[in-house]
Amino acid sequence: MRSGSGNTANSRKGTTKILIGLLIIVVITAFSACGAGGGGEDDGKGGGFLKKSEEPVDISILCVGDVMAHSTNITAALSAGGGNSYSFTDNYEYVRSYIEDADLALCNVETTFRGGQPHGYPTFNAPDELAYALADVGFDVGITSNNHMMDTGFDGMQRTLEVLRNQGMTTVGSRYAGEDTWSLIEKNGLKIGLVAYTYESPMTASGAVSINGNYVSKEAAELINSFNTDEMEEDLGKITADIKSAKEAGADIVVCYMHWGNEYQREPNDDQIRLAQSLADGGADIIFASHPHVLQKVDTLNAADGRNVPVFYSMGNFISNQRTETLPSIANKRYTEQGMMAVVDLSVMKSTGEIIEQTVKVIPTWVDRYGSPVKYSIIPLDQKMDSNEVLKTSGHLDRAREALSDIETLIGADYLNGKSMPGTSAENSEGEEAA
C-alpha cells in the first residue's frame with residue numbers, strides 16, 4: 001500500500017510539472033504577441049512591438065456670466081413659490097438641457113446668501129432657494145469672486161460657501177480658513193483646476209483691500225481672491241502661482257475666471273487684454289470672465305508655449321433685472337439683456353495634460369421679463385427660438401431676434417457655429433519639430 005501510494009504521488013507530481021510547463025509556454029507566447037508594453041502591434045521595422053497608443057479623454061466645459069438677484073427677481077421668485085417660499089427654477093427651464101449636457105458647468109454667483117431678509121441692489125442677499133435652483137439645473141461650480149461678494153460682510157461671504165456647498169457645488173474665489181486659494185474638481189477621469197479672482201477698488205491710502213468701494217477686514221481679505229491694477233505685477237504673480245499649484249496638485253487642465261473690465265463697455269480694456277495674455281502665458285488653459293454686464297468679444301490667444309487659449313472677455317448677464325425698461329440713463333442698456341453660455345469641448349491626453357483638440361462655441365441667450373406678476377426666463381437664441389412658448393406669451397420675439405443679431409455681429413459666426421482648433425498652434429508645433 002505504501003509503495004502504491006508513493007507511485008500515485010509521483011504521478012501527480014509529474015502531471016503538475018507538465019501543467020506548469022504548458023502554462024509557462026502560454027504566458028511566454030502571450031507576452032511575445034503583446035510586447036513588453038502591453039497590448040500593441042508590430043512596428044513594421046523588425047524592432048518588436050509598439051505600445052498601444054493612448055486614447056484622449058473628451059470633456060465639455062460650460063460657463064455663464066452674472067447670476068444676479070435684483071429685488072424684482074426676488075419678488076418674482078416669491079410669486080412663483082406661491083407667496084410662501086421662493087422658486088427660481090422656472091428661470092432656467094429653457095437652458096437646463098445645455099447645462100445638464102456639459103460635463104462641467106460653472107456660473108458666477110453675483111450675490112451672497114447671508115440668510116434673513118433677502119434684498120437686491122446695492123447690497124445683494126438672495127434667498128437660499130437660488131442656490132437650490134442653480135444646483136438643480138446642473139451647475140457644478142459656484143464662482144464667488146466678484147465685486148458683490150462682500151455685500152453682507154464677512155459672515156455673508158462665509159455663509160455663501162456653506163449654502164452652495166450644501167447643494168453639492170464646488171466653490172472657488174473665496175474660502176474657509178486653511179483652504180487652498182484654488183479648487184480642484186474631477187470629471188471624466190480628468191482633474192480640473194479652478195482659479196478665480198475679482199478686481200479690487202482703487203487702492204486706499206492705507207493700502208487696505210476694498211471691494212466695490214467697501215473696506216474689507218484683514219481677516220476677510222486673506223480668504224478672498226482679488227487683484228489690484230495698481231499692483232498688477234505682484235498680484236499677477238499670485239494668480240499664476242495658483243495655476244502652478246493646481247497643476248502640481250494633479251490638475252490636467254486649469255480653468256481661470258476673472259471678474260474685470262468696465263461696466264456696460266462692449267470692448268475689453270487694455271488691462272483685460274494684457275492680463276488675459278499673462279494668464280495664458282502662465283498656464284491657464286481656458287479664461288472665462290464677466291462684470292461689464294454686457295457681452296464682449298471671444299478670442300483665442302497664443303500662449304508663450306504655443307498653446308491655443310480661448311478667452312471670453314465678458315459673458316454678460318446670465319440673469320438680472322438690468323434691461324431697456326430699468327436702465328434709462330445707460331446708452332448700452334439693451335445689451336444688458338444679452339448673455340451667453342460659453343462652451344469649450346476638449347480632447348485631453350490624460351498622461352500629459354496636453355489638449356490635442358478643442359472646439360470653442362457661444363450659445364447666445366436673452367432674458368425675457370413678462371407678465372403680471374412679473375416672470376423671468378432665460379431664452380437660448382437657438383433654432384427653437386421662434387417657437388419658444390415664453391416669447392409667444394410675452395410678444396417679445398422681435399426683441400429676441402434683435403439680441404441675436406447684436407450677438408452675431410459682436411461675436412462672429414466662427415464662435416457661434418463652434419470654432420475647432422488644435423490645442424497647440426501649428427506654427428509652434430512646426431517650430432518644435434524643426435528644432
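Let me begin with Cys63, which at 0% relative accessibility counts as buried; buried means under 20% relative accessible area, exposed over 50%, and partly exposed in between, with a 1.4 Å probe and protein chains only. The model is a predicted one, in which local features need pLDDT of at least 70 and side-chain atom pairs count only at pLDDT 80 or more, while totals for chains, interfaces and linings use all residues. Residues are numbered from 1 along each chain as its sequence is written, and side-chain values use heavy atoms, with hydrogens and water left out.

How many disulfides does the structure hold? There are 0, a disulfide being a pair of cysteine sulfur atoms within 2.5 Å. For Cys63, the nearest cysteine sulfur is that of Cys107, 7.8 Å away. Cys256 is also buried, with a relative accessible area of 0%.

I turn to the nonpolar cores. Such a core is a set of buried Ala, Val, Leu, Ile, Met, Phe, Trp, Tyr and Cys residues joined through side-chain atoms within 4.5 Å. The largest has 47 residues, of which Ile61, Phe288 and Phe312 touch the most other members. Helix α10 (residues 397-411) gives this core its largest share, 7 residues; helices (H or I, at least four residues) and strands (E, at least two) are DSSP runs, numbered from the N terminus. Apart from this core lies another, of 35 residues, including Ala105, Phe113, Leu130 and Leu164.

Next, the aromatic rings. The whole structure contains 5 aromatic pairs. Rings of Phe, Tyr and Trp (its six-membered ring) pair if their centres lie within 6.5 Å; planes under 30 degrees apart count as stacked, over 60 as edge-to-face and the rest as tilted. Phe139 and Phe318 form an edge-to-face pair, 6.3 Å centre to centre with 90 degrees between the planes. Because Phe139 lies in the loop between α4 (128-137) and β5 (141-143) and Phe318 in strand β16 (residues 317-319), the pair ties together parts that are 179 residues apart in sequence.

Finally, the backbone. Most residues other than glycine have a negative phi, and most peptide bonds are trans. A cis peptide bond joins Tyr121 and Pro122, with omega about 10 degrees, and another joins Ser372 and Pro373, with omega about 0 degrees. Asn188, although not a glycine, has a positive phi of about 55 degrees. Asn188 is found in the loop between β7 (183-187) and β8 (190-199) and is partly exposed, at 40% relative accessible area.
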